[in-house]
Amino acid sequence: MTYYPTFHSPWWLLLLPLIPLAVRLGIKSMAGLSKLRRTVAIALRAVILTLLVLALAEVHFVRTSRDITVLYILDRSRSVPRALNDQAMEFVTRTTKEKPYDDHWGVVVFGRMPSVERGATRDGYFTGDMESDLGSEGRDFTDIGSAVRLAVAAFPPTTGKRIVLISDGQENMGDVISAARNAKENGISIDVLPLAYTPDNDILLERLILPGEVNHDRPFRVKAVVRALRPCRARVDLIRNGSLVDWIERDFPKGPSVVTFKQKLTGSELPEGQFYRYEVEVEPVGKDAALVDRETKNNRIYGSTFVRGRPMILVVAREFGIVEDFLIALRKSGIEAREITPEDFVSKFNSVERISQLSAVVLADVPKDEINPVQEMIHEAVRDAGVGLVMLGGEHSFGAGGYLGSVVEKALPVDMDVKRKKVIPNGALALIMHTCEFPDGNTWAKQIAIEAVKVLDPRDLVGLLFYDWSRRGGVNWLFKLKRASNKTRLYGLINKRMNPGDMPDFDIAFLKAHNGLKKAKAGVKHCIVISDGDPRLLNKGRIKQMARDRISISTIIIAPHGGRGDIAKMKSIATTTGGNFYNLGTSKSQLARLPRIFTKEAVRVRKALIRDKLTRSNFKSDPENITAGIGPLEFPNIKAYVCTTEKQKAHVALCADGDDHDPILAYWQYGLGRSVAWTSDVHARWAADWVEWPKYKAFWSQIIRWVSKPVSDTKLEIIPSVAGGMGRIMVDTTTSTGTITQFDEMKARVTRPSGGWEDVRLRQVGPGRYEGTFEATRKGSYPITISYSEPPEGPKAEPKRGRITTSVDVSYSPEFLAEPPRMHLLEEIATVGGGRVLDFDTRPEEIFKHDLKGAKIPTAIWDFCLLLALLLFPIDVFVRRVMIDWPMVVAAWQSVFGRLKKAETPAEDMARLLARKSALKSKEARRRKVAGFTPPKDDVRIEKPLEFTAAAGLREAEKRKPAPKKPKPREEKVTGAEDGFTSRLLAAKKRALKGRKKEEEE
């Protein structure tokens, strides 16, 4: 490894020449310092300034590593044959097993999305066990570019970097060239190992050429491009809306061939809408059929066309009689309308795509539970595809039909919740549960009770009775009749506390239900009983009394024990009170009907929403002129309607006479579609005066034309296509005469095959050309609704708006196109990535060849320089400002560390004392010798041994007491010989004292 510094902000280094000048200017302030202190202070100042400049320049140390990391990128898409996949993994295993120890390796696998199979490591080798699961859809596309980008991000920063791409080059998503160019800019080379093969045993449908729009009763052509990899004989079928309409059998040469079918759509062939789905299927025939078709998933291709002609209106009605007059009026106005039952509607129009084929859907007195499976699809078709929606009133419509809180209600201009009534019409419902004697009966009881509560309005009353054997015993209320406003609490009570026991008789249950419902302030009172029929009914008069009090009872019997007698009893209860009777078995299919039955019966209490008295239809406002040509006072009266409340942005054209002004006819725009609410019916029961009204036909034809999805008369050429997992919408507004139409706004809404939608903005890319893209990776049809706005023709004119419908299809994954490997793309990747084209015989030392630039690993040290400068600054101040008394420092040092010496042992202490005693004796002897003093003999005393007693100690202390001081005798002047002797004695004494002092100092 090599090391060198680098700077992220090198211009700060220009301050380095100024450092000597700054030091020179500071020397004057140090004139009073000693030479040593001045030298140290100058050096510290220079070092601190240098460190600060390096920190500002963001100095880094860079080390260069010679180790390398090789990341293998394995193509796991469907286009790679299994044998080549195995060979590729064996290559990775061999080269990683024999690599140099210090080098790293890793594996990235990819299809549509890449995944790190093994992160960079120097340990072990690739064993071929794959942990990454790309999934079925993950292998349907090849995105080499995303795999290269992931590998670039997965490299460790401390080694050289090399990618080995193992692929057939069948890229159908992304841009690998730009990814390879980016990798090279980051110092990463890309070697390529091509997976070469030659497909030679397949026949497939490559393309379907179908006009996006066709005219009614006009011929057109459907063309299919068939590509055979070897000559063969095959049959090609043309299927329209699931039915075979044409076929051809012929010999196909090697390469592409075009098969053409002639088609014509007439009025009698428009039973289900304006979109027609075509399928073309190819199948080899003959004795070698199995040999010439390697892959069957590319043998079928789809396409759709839109029929320009009369709009198709689908009227969903439970009975033909209630819409007969309505249909006659529409057909006389030239509107193509077809009646269908709710059951057929649910079975045939069970997708958003199918419903989007229609111009409008009319729900004529249809309860919610009968179209429940397709509710969401109706909502999406209105909002996203521009399909019109009309709901007609009746006993089973709007809130009375259970639409409160439904997704269909979201698309309508009215709410089912009646909010402004002075006297709110509500209902009361009592549930009697006896479910313990059939399989999973009590589990079913909880589910169906919750379903019944769900459809109730918050102002409706609901109560539940059952035989409570586990607590108080007997028939009791789980909860008495109360408003269904807190449904969550009711659901909790049902789930936690309801466990019905075997009810011996119905008498107590009907008594409590009768008393509760009779006192309830409700417009409709209803009771639902579910049982096996064996509880006794001793008081039959109770049932008749409930009927007189206008309380209806619907009964459901499941697996009766008593045979016909129990069935007759349960049926009689329902018949007497005007309810419904249901006889179910214990099979799964029979029990599965229970939630629907309870929902239907619970909705009966919503009949209180029906205002059944003669009402005048008052004109209110009509900004869209859907009632144009009819005067405000010309509208007939109605006998009944369903109470609703208009939404905030809705327009009410007709309302009921009275204080509440309930909407009779309301409409609005919802997403791309429009919807209309007519709260009365369309036949003689509620609207007899309307059916006889001369303008009945004009009234309804105008409404239906307004709400229907329009057929555009603008000459726009729409060219949808799919490539690389992306759909493309191209709209050309240039006419055959060269005229270009400009639009203020153009956008598209694409409905996905799996549900949901995506808004696509169409941007103008040239004169008269608009384009937009969307993701199209799933197989299926993508209906496209294009809405546009043309500039107004005059200053006061409104802009012209319209919608066009088309579709694009994804028949199968592009991985099944049976194309040969794209060798030219793989070679270009190696060239752009600065790598080589390898083969399966390449040695490991070539893969891990150390010919790459060493990895540069920068380490920031500017923060360390800044920290060191901050630490040195107080030292610099200390050197310049503080004078040190070194003797005092030394003394303090000795004082502190002398105290910290380790305590000595007693033996060592005695030896030290004896040595000190001997030294003192020697000093005393020398002192006396110097002084010339010889003590007299009288001074010699013989010390007696110490007596270690208390008395002896006292006597010794008395002896050692100092004698009382005597007054000094007056000094007399000495002369002569005495004077000389005395002088000598004084001189000797001075010398002795001086010697003692010197010894003490030493």
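Q: Where does the charged end of arginine 749 sit?
A: Over a ring. To call this, you check the distance to the ring centre, with a cut-off of 6 Å, and also the angle to the ring normal. In this predicted model, the charged end of arginine 749 lies over the ring of tryptophan 757, 3.9 Å from its centre. Another case is arginine 235, whose charged end sits over the ring of tryptophan 247 at 4.2 Å from the centre.

Q: How many aromatic pairs does the structure hold, and how do I read one?
A: A pair of aromatic rings is described by two things, the distance of the centres and the angle of the planes. The structure holds 19 aromatic pairs. Take tyrosine 667 and tryptophan 706: their centres are 5.0 Å apart and their planes make 70°. Planes over 60 degrees apart count as edge-to-face, and that is how this tyrosine 667–tryptophan 706 pair is classed.

Q: What kind of aromatic pair do tryptophan 678 and tryptophan 700 form?
A: An edge-to-face one, with 5.4 Å centre to centre and 80° between the planes. Tryptophan 678 belongs to strand E33 (residues 673-678) and tryptophan 700 to helix H20, so parts 22 residues apart in sequence are tied together. Tryptophan 678 is buried at 1% relative accessibility, and tryptophan 700 is buried with a relative accessible area of 1%.

Q: Now a sheet: in what order do strands E34, E35, E38 and E39 come?
A: The 4 strands run E34-E35-E39-E38 in an open sheet, with antiparallel pairing. Its edge strands, E34 (717-723) and E38 (763-766), each pair on one side only. Neighbouring strands of the sheet are turned by 30° against each other on average, ignoring direction.

Q: How many bridges join E34 to E35?
A: There are 7 bridges between E34 and strand E35 (residues 726-732), and the two run antiparallel. For a spot to check by eye, proline 720 stands opposite isoleucine 729 in E35.

Technical notes
Residues numbered from 1 in each chain as written. Predicted model: local features only at pLDDT ≥ 70, side-chain atom pairs only at ≥ 80, totals over all residues. Heavy atoms only, no water. Pairing = 2+ DSSP bridges. Axes fitted to C-alpha atoms, helices over the stretch in contact; angles between N-to-C directions. Phe/Tyr/Trp six-rings, centres within 6.5 Å; stacked < 30°, edge-to-face > 60°. Buried < 20%, exposed > 50% of the residue type's maximum accessible area, 1.4 Å probe, protein only. Lys NZ or Arg CZ within 6 Å of the ring centre and 35° of its normal.
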